[in-house]
Amino acid sequence: MNITPEALFNARRHFLKLGAGALVSSSAISQLLAELPKDLSLKYIPDSNPQNLTLNTLEQASNYVNFYEFSTDKEAPVKLSQKMKISPWNVGFFGEIKTEQMLEVDDLIAKFGLEERIYRFRCVEGWSMVVPWIGFPLYKLLDYLEPNSKAKYVKFTTRHDPAMFPDQAKGIFASIKHPYVEGLRMDEARHPLTFIAVGMYGKRLLPQNGAPIRLVVPWKYGFKSIKSIDLIECVEKEPLNTWQEQNPKEYGFYANVNPSVDHPRWSQAKERLLGKLTKQATLPFNGYEKEVAGLYAGMDLRKFF
């Protein structure tokens with residue numbers, strides 16, 4: 001099944017709009033932000049931004065999203081997600097851990113505190129952005145859950161609620177199989193860069209960005225950063241992630257950003273930064289090679305793509 005050509009077509013079309021500055025003060029998201037109550041602001045430790053990355057605007061990052069539970073159109077989730085009930089939101093923790101349990105997102109925030117992480121974000125479709133996420137490292141959560149010796153992987157599952165997500169309500173006619181599933185090897189999950197986000201740009205996540213809680217893995221293609229998490233399970237076997245199940249020839253388990261390994265139908269050597277008309281070179285592991293390359297020492301990254 002070919003999945004991405006339509007997405008790429010939409011990407012090119014909408015990039016022109018974004019690059020032309022069409023989404024500034026008159027956009028739906030700007031209106032939404034103006035109406036946000038103040039209590040959506042978060043207290044966190046700011047990132048010193050040691051790589052001096054230039055941020056994309058919140059308008060750009062929140063008007064151009066892949067959130068297939070709502071629609072394959074990158075702008076549609078802005079409107080379709082606004083009635084999404086995101087509080088209270090309990091996340092289940094199960095599998096090979098000391099104590100299986102459910103915790104509400106605010107309890108997680110209180111337990112682990114919040115910090116900012118300014119990360120590059122690279123989509124497998126060839127576009128990118130820089131986002132200031134707010135959240136906590138996943139290893140803090142795993143330390144609390146105490147996985148046992150059988151726990152080799154961490155499996156993440158998106159909330160399955162067809163009443164809330166229009167595409168899920170289509171059943172077998174949905175764009176992808178729901179619920180959305182992703183996974184990481186345990187050492188990837190425990191890496192200090194791997195992040196659980198509950199906010200961005202100093203405020204709680206907007207619904208279209210994966211509220212109220214999502215994963216961010218900056219050295220992997222964006223589809224690994226699963227949105228609106230419902231379950232986190234520590235498991236013994238490698239989880240079959242959604243896109244790998246959908247098309248195993250094109251989407252692997254690891255999905256590390258790698259300009260030397262092209263997608264079967266397009267080059268991954270360059271990317272278009274959201275808001276820019278020209279392309280820039282894609283960096284190995286999305287610019288985090290020094291930090292994470294050791295995780296894959298000795299592996300054939302063409303085979304384990």
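Which residue in β6 is the bridge partner of K155? In this predicted model, where local features need pLDDT of at least 70, side-chain atom pairs count only at pLDDT 80 or more, and totals for chains, interfaces and linings use all residues, the partner turns out to be G183. Numbering runs from 1 along each chain as its sequence is written, and side-chain values use heavy atoms, with hydrogens and water left out.

That bridge belongs to a set of 5 joining β5 (residues 153-158) to β6, and the two strands run antiparallel. Strands here are DSSP runs of E, at least two residues long, numbered from the N terminus; helices are runs of H or I, at least four. Pairing takes at least two DSSP bridges between two strands. The open sheet has 5 strands, ordered β2-β1-β10-β5-β6, with mixed pairing. At its edges sit β2 (101-104) and β6 (181-185), each pairing on one side only.

Now for the rings. A search of the whole structure turns up 17 aromatic pairs, counting rings of Phe, Tyr and Trp (its six-membered ring) with centres within 6.5 Å; planes under 30 degrees apart are stacked, over 60 edge-to-face, and the rest tilted. Y64 and W127 are edge-to-face, because their ring centres are 4.9 Å apart and their planes meet at 80°. Y64 is in the loop between α3 (58-63) and α4 (76-80) and W127 in β4 (residues 127-137), so the pair ties together parts 63 residues apart in sequence. Y64 is buried at 1% relative accessible area, and W127 is buried at 3%; buried means under 20%, exposed over 50%, and partly exposed in between (1.4 Å probe, protein chains only).
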